[in-house]
Each structure stands twice: as structure tokens, then as C-alpha cells.
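Colleague: I would like to go through this model feature by feature. Please give me the general idea each time, and then the case at hand.

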Amino acid sequence: MAKLIAGNWKMNGLLGSGKDLAQALAKRIRSMETNAEIAVFPPGPLIPPILRAVSDTSIWVGGQDCHWNGAGAHTGDVSAQLLADLGCSGVIVGHSERRADHAETDGQVKGKAEAALAAGLKVIVCVGETEAERDAGQMETVVRTQIDGSLPSGGTVDTVIVAYEPVWAIGTGRTPYLDEIGVMHSLIRNRAAGLVLGEGLRILYGGSVKPTNAKEILRIPGVDGALVGGASLTADDFWGIIESCP
Ligand code: PGA
């Protein structure tokens, strides 16, 4: 299966720079060969112009978060139904920045993932340990708990994707050893087996993926793609990662 390279723009970009980046990616994908599946997750208000910029390409667009309810009095939140209605194909839920900044619990993340599935979206569910949890030797327990508590009911390998993102590797330039990534991906795969229907759950690695380390990370058995933050903000870097796909 093609590797999924997903660009999480986080709270970056304005209308002009976001459109420029999307147009630069669209131009490359029209003119160059790639084996990868590509997705971008712009800030919410940028979704419509970015959808237009990539409309004649295979790049798909998603939201960075959604609410667990379909509609209602939730100031500042966005529903999965609205994302789907705009033309999004998926949504990220449970990113560690949402878990930390907004005190999101596994139960809420699960609710968001289920709302996404109900709206017909693919969902990328993020898990990963903090540095303190890792230092305390709790990384496997923490990630198992997050998998058990955050994955939606009723998901299949076509609709649910997991991203393993060690919190201490996000935006720091540090990454786990390659064999550690492989071990965590197989732990997640085993744990998720009873929760997501079907064979071949896609598990992305995220945390300081760059053009310089993407080749070795994307070759680790069990790594089905990457969730990329900082390096997804320039077309050259993001394309460098896309080109690193085996
Ligand atoms: P990073 O972010 O690539 O900047 O480390 C990854 C993420 O948070 O998804």
C-alpha cells in the first residue's frame, strides 16, 4: 500500500502563504511521479481555499480537530459534518497539542473519532508518550492506554489511521532510535487489532520527520507513512519527504 505523507500545518500560515504552499504542492504532483498518498491539514478557515488549490490533484485535505457532537452550542469548535460538507476527506484527532492545550481526554478523543466516522471522514488518531513517561519506563503502558481509550468503535482499516507521535520528538529535532519506532508500531498494531476491523491498519510515525531522516524512518517495517509538522510548511521540505517514500 502507498505510504501516507500527511502535512499538519498547525496554527501556521495566512491566506496568501497557505494558498502559495498548496499551489506549489499541486504543481509538483501534477508534474512529478510519486508513490505516496498525500494529505494536508491546514488551519480551519483556510480549508476552502486550499481545497480549491489542490482540486485537480490526488492530494486530500483534512481538518486538525473536530467536536464529538454533530452541532450545537460549542463556541469555537468545528463539527466533523461541516468538515465533510466543505469537502474534507479526513480529520486529525487527539494530537498531543490538543491533549495538552485543551486537556482532551482519551474519552473525548474517541468521541471525536466516532463523530468523524459518522460524518464519513477518515480519522487519524494520535497517540504518544511524554518524555517524563518515557524516562519512567511507562511508554508502552501509556500508549496502550491511549489506544484502548481513543480508538473509535466501528472503525475499519480504511477509515481509521493511527499516528504514533512521541511528544518529546515533536518540533524538537529529536527522534527515537529506528528500532524503537518499529517496536512501538508493532505494539500499537497488536493492541489495535481487536478495535479496528480488518487487516493492515495504517500507522504513521510523527515527530521531527525531515527530508534528512525520512528515508530511514519510512523504511522501518510497520511504518506506513508520516505525520509531518514543521517540515510540511515549505514545499521543498515536504516534497523531500514525499520523494523519500520507498
Ligand atoms: P513536527 O510535528 O514534524 O514539527 O515534529 C509533528 C506533529 O506534531 O504532527
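Modeller: We can begin with a helix pair. The axes of helix α5 (residues 106-118) and helix α7 (residues 139-150) come within 8 Å of each other and cross at roughly 45 degrees. Axes here are lines fitted to C-alpha atoms, for helices over the stretch in contact, with angles from 0 to 180 degrees between N-to-C directions. Because of that angle, α5 is oblique to α7; angles under 35 degrees count as roughly parallel, over 145 as roughly antiparallel, 65 to 115 as roughly perpendicular and the rest as oblique. Helices (H or I, at least four residues) and strands (E, at least two) are DSSP runs numbered from the N terminus.

Colleague: Before going on, what kind of model is this, and how are residues numbered?

Modeller: This is a predicted model, in which local features need pLDDT of at least 70 and side-chain atom pairs count only at pLDDT 80 or more, while totals for chains, interfaces and linings use all residues. Residues are numbered from 1 along each chain as its sequence is written, and side-chain values use heavy atoms, with hydrogens and water left out.

Colleague: Which hand does the crossing of α5 and α7 have, and which residues meet there?

Modeller: The crossing of α5 and α7 is right-handed; that is the term if the near helix is turned clockwise from the far one by less than a right angle, and left-handed applies if anticlockwise. From α5, the residues Asp-106, Gly-107, Val-109, Lys-110 and Ala-113 meet Thr-145, Gln-146, Gly-149 and Ser-150 of α7, where contact means heavy atoms within 4.5 Å. By class, this contact of α5 with α7 has two nonpolar, five polar and two charged residues. The nonpolar class is Ala, Val, Leu, Ile, Met, Phe, Trp, Tyr, Cys and Pro, the charged class is Asp, Glu, Lys and Arg, and the others, Gly among them, are polar.

Colleague: How should I read the pair α1 and α10?

Modeller: Two packed helices are described by the angle between their axes and the distance between the axes. For α1 and helix α10 (residues 235-243), the axes come within 10 Å and cross at roughly 40 degrees, so α1 and α10 are oblique to each other. Their crossing is right-handed. In α1, Leu-21, Ala-24, Leu-25, Arg-28 and Ile-29 meet Ala-235, Asp-236, Phe-238 and Trp-239 in α10. The contact of α1 with α10 divides into seven nonpolar, no polar and two charged residues.

Colleague: How many salt bridges does the structure hold?

Modeller: Side chains of opposite charge can pair when their charged atoms come close. The structure holds 15 salt bridges, each being a side-chain nitrogen of Lys or Arg within 4 Å of a carboxyl oxygen of Asp or Glu. One of them joins Lys-10 and Glu-97, with the closest N and O atoms 2.9 Å apart. That pair links distant parts of the chain, 87 residues apart: Lys-10 is in the loop between β1 (4-8) and α1 (15-31), and Glu-97 is in helix α4 (residues 96-101). Glu-97 is partly exposed, at a relative accessible area of 30%; buried means under 20%, exposed over 50% and partly exposed in between (1.4 Å probe, protein chains only).

Colleague: Which residue does Lys-112 pair with, and are the two buried or exposed?

Modeller: Lys-112 forms a salt bridge with Asp-65, the closest N and O atoms being 2.8 Å apart. Lys-112 lies in helix α5 and Asp-65 in the loop between β3 (60-63) and α3 (80-86), so the pair ties together parts that are 47 residues apart in sequence. Both Lys-112 and Asp-65 are buried. Salt bridges that share partners join Asp-65, Arg-98, Glu-104 and Lys-112 into one network.

Colleague: What surrounds Cys-126?

Modeller: Cys-126 is placed in strand β5 (residues 122-127) and counts as buried at 1% relative accessibility. Leaving aside neighbours within four places in sequence, Cys-126 is in contact with residues including Ile-92, His-95, Arg-99, Glu-165 and Leu-227.

Colleague: Where do non-glycine residues show positive phi?

Modeller: Ala-103 has phi near 50 degrees and lies in the loop between α4 and α5, where Ala-103 counts as exposed at 56% relative accessibility. Ser-208 has a positive phi of about 60 degrees, sits in the loop between β7 (202-206) and α9 (214-218), and is buried at 8%.
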